[in-house]
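Walk through this model with a viewer open.

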Amino acid sequence: MVNQIQRIKPHTGFVVSLAADFSAFSEQNFTNLYQPIIGANAFALFFALQTNVEAHPMLSKRVGHTKLLNRLNFDIDQLTEARARLESAGMLKTFETTDSLGEAVVYELQPTLTVHQFNNDDLLSVLLLEAIGDADYTALINQATQYQLNTRDLKQTTQSFFGSYHVAQSEVEQVPDVIQESRQKFVISDNVQPQIADSKFDFQLLLNLVDQQPIRIDGVEKHQQLIMTEHVMYGIDEMTMARMVGQSINLNTNELDENKFKRNIVQAFTMVQPVQTMEPEQQEVPVTKADANQLTPKDQQLLKVVEAYTPNEFLTDLLKEKGGYISNNQRANLTALINRNLFPSTVVNLLIYYLLVEMDQTTLTQALMDTVANGWAQAKVRTPIQAFDQIKTYQKKRQTRKQPARKGQVKETLPDWAKEDYQPKKKETSAEELAAIQAQMERLNKSKKG
């Protein structure tokens, strides 16, 4: 069977099908709500897949992924990243198998959520808010509700079904065979909801703190996933989170207003902040002294820095030290990575360092970040020590690529993107630039201690 996270090969066959409820798909919602999150490549891939939908799809009618690569002008990594984006956003389910014809992938396109459902989804709504900002997000909600009248204070007199239609009791108790047979034709696959990884955040402590305020506890409990998402993204501790909850209460119901809560979080933690006084979150897998001693003095210093910062702080301060700034797109890309629950915070920070320093990137781009994160996930990276090993492996490969090819060596005839060892070409960092960045990291560490 094809490994779920390995790169698809050009010759691997694929078939496209539609979910049973795909008729609920809204192109307007897909454009307005999903595109800012998934990016242009995933957006294009969805519609390219849709053009390959045929009546009565069959595995025997599969076509190779080369068709998608040529149509979209993608390489393998771009296709893999775009596919992962669609899957993570709930717009694509993927099924894989191997038969007598070889490996095959079935792509099942999913319908969009309604604006109301999207707004109530903690992960997606947070990503969209951070991608487009407060004003545009509010405008989208207002556009969706512009024809709605508040009927909460009105008496409903809607006629019930049996008030107008009469169905024999026997027909209701024993559903006709033709209806039962038709129901079996709809294949409903399991809908796996994304979950936030285990964290040291004490949610019960938060509830105890909130209980001291005039707030309905059950109105906070039902938003646990939203609260955990914001905690992982910004490193907000229980005391600070309780304060943010208290500032985001609907005064009419005494419940947490999730939209107000999201806006308050973005406004409070995406602006330039003074040095935080909160204690850094304890890492899920602490680095032992013996492991740390195996690192070089430079890496030991870097380890202290990545342990002291949340991902949002680390990215913001590192870009600031390089003379740049964190954009909404970069923050949304970082949030999407955290929501995949692949790595603890220290490993996320090392991945940021790897991209911005070792690979000398100017921004945290979606495509490259997904490529590296995918590789680290396949390598089972779960601790900072394992992340350092990946960085060292990259450094060795970079040194190897500098060596000239031996005479008589046969050149590859495949295109670069089709080669098994394909890696995107990146600008190399000079020793002087690495030294400058190291000095910047040391200043960051000193400012953190201060």
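A crossing is left-handed if the near helix is turned anticlockwise from the far one by less than a right angle, and right-handed if clockwise. This is a predicted model: local features need pLDDT of at least 70, side-chain atom pairs count only at pLDDT 80 or more, and totals for chains, interfaces and linings use all residues. Residues are numbered from 1 along each chain as its sequence is written, and side-chain values use heavy atoms, with hydrogens and water left out.

Start with helices H16 (residues 311–321) and H18 (residues 345–358). Helices (H or I, at least four residues) and strands (E, at least two) are DSSP runs, numbered from the N terminus. The crossing of H16 and H18 is right-handed. Their axes come within 9 Å and cross at roughly 20°. Such axes are lines fitted to C-alpha atoms, for helices over the stretch in contact, with angles from 0 to 180 degrees between N-to-C directions. H16 and H18 are therefore roughly parallel (angles under 35 degrees). On the H16 side, the contact (heavy atoms within 4.5 Å) includes Phe314 and Leu318. On the H18 side, Ile352 and Leu356 are among the residues involved.

A nonpolar core is a set of buried Ala, Val, Leu, Ile, Met, Phe, Trp, Tyr and Cys residues joined through side-chain atoms within 4.5 Å. Buried means under 20% relative accessible area (1.4 Å probe, protein chains only). The largest such core has 66 residues. Helix H18 gives the most to this core, with 10 residues. Leu351 is one of the residues with the most contacts inside the core. Beyond four places in sequence, Leu351 contacts Leu337, Phe343, Met369, Val372, Ala373 and Trp376. A second, separate core has 43 residues, including Leu33 and Ile132.

Now the strands. E3 (residues 92–99) and E4 (residues 102–109) pair in the antiparallel sense over eight bridges. Pairing requires at least two DSSP bridges between the strands. Phe95 has Val106 in E4 as its bridge partner. Two residues separate E3 and E4, which form a hairpin.

Two residues remain. Thr335 sits in helix H17 (residues 328–339). Is Thr335 buried or exposed? Thr335 is buried, because its relative accessible area is 1%. Beyond four places in sequence, its contacts are Leu127, Glu130 and Met233.

Gln366 belongs to helix H19 (residues 366–378). Gln366 is buried too, at 17%. Gln366 touches Ile38, Gly39, Arg85 and Asn333, not counting residues up to four places away. Gln366 and Ala336 are 30 residues apart in sequence, with 9.4 Å between their C-alpha atoms.

Notes
Buried means under 20% relative accessible area, exposed over 50%, partly exposed in between (1.4 Å probe, protein chains only). Angles under 35 degrees count as roughly parallel, over 145 as roughly antiparallel, 65 to 115 as roughly perpendicular and the rest as oblique.
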